[in-house]
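Have a look at the picture first, then read on.

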Amino acid sequence: MSANSRLTIAAHALAWISLYQRQGNEVATSEQIAASANTNPVVIRRLLGELRRAGLVESRRGAGAGWSLARELDSMTLLDVYEAVEPGPLFAMHRATPDQGCTVGYGIQPAMRGIYEGIEETLRRELARVTLEDVVRDVLAAPR
C-alpha cells in the first residue's frame, strides 16, 4: 500500500495559484501548476475540478483559460480541501464480509470501527485548525 497524496497535491495547487495571483496574474493553467508539483496536468485538472465543485476555485474557458481562487486563503481550511478531494472514509473495512463463524472475523470490524472513528475525528479537528493562508506562510518560510 502507498500513501495517498491527493490532499498534499490539492494544497500545493491552491498555494501555487495564490502566489501566482499575488504576482498580478489572473489565472493559472493546469500545466503551470503540474510543473511545480512534478505531476501530469490531468492529475491537476481532476483535483481542481473537485476543488471547483467545493467552491474553492473557479475556472475560465476560452482565451485566457485557467484557474483562480474562489475564496481568500484565510477562509479555506485544510478540512475544506480534504473534504473536496477525499470523499470517502480514511480507513475502510474488508471488501468482503469476514467469516462470521470465526471469533476474529466476527469481532474485527466493530473493534476497528471505533478506533477509526476516533482517528477520523482527530484528523478532521486538526485539519480544521489550519487555513491555506497558514500553509502559504509556512511555504514561504521554508529554508532553501
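Start with arginine 60, which is partly exposed at 38% relative accessibility (that label covers the range between buried, under 20% relative accessible area, and exposed, over 50%, using a 1.4 Å probe and protein chains only). Its partner is glutamate 26: the two side chains form a salt bridge at 2.9 Å, N to O. By salt bridge we mean a side-chain nitrogen of Lys or Arg within 4 Å of a carboxyl oxygen of Asp or Glu. Glutamate 26 itself is exposed, at 53%.

Before going further, remember that this is a predicted model, where local features need pLDDT of at least 70, side-chain atom pairs count only at pLDDT 80 or more, and totals for chains, interfaces and linings use all residues. Residues are numbered from 1 along each chain as its sequence is written, and side-chain values use heavy atoms, with hydrogens and water left out.

Next up, arginine 45 and glutamate 31 meet in a salt bridge of 3.2 Å, N to O. Arginine 45 sits in helix α3 (residues 41–53) and glutamate 31 in helix α2, 14 residues apart; helices here are DSSP runs of H or I with at least four residues, strands are E runs of at least two, and both are numbered from the N terminus.

Finally, glutamate 86 pairs with arginine 6 at 3.9 Å, N to O. Glutamate 86 counts as buried, at 17%. The whole structure has twelve salt bridges.
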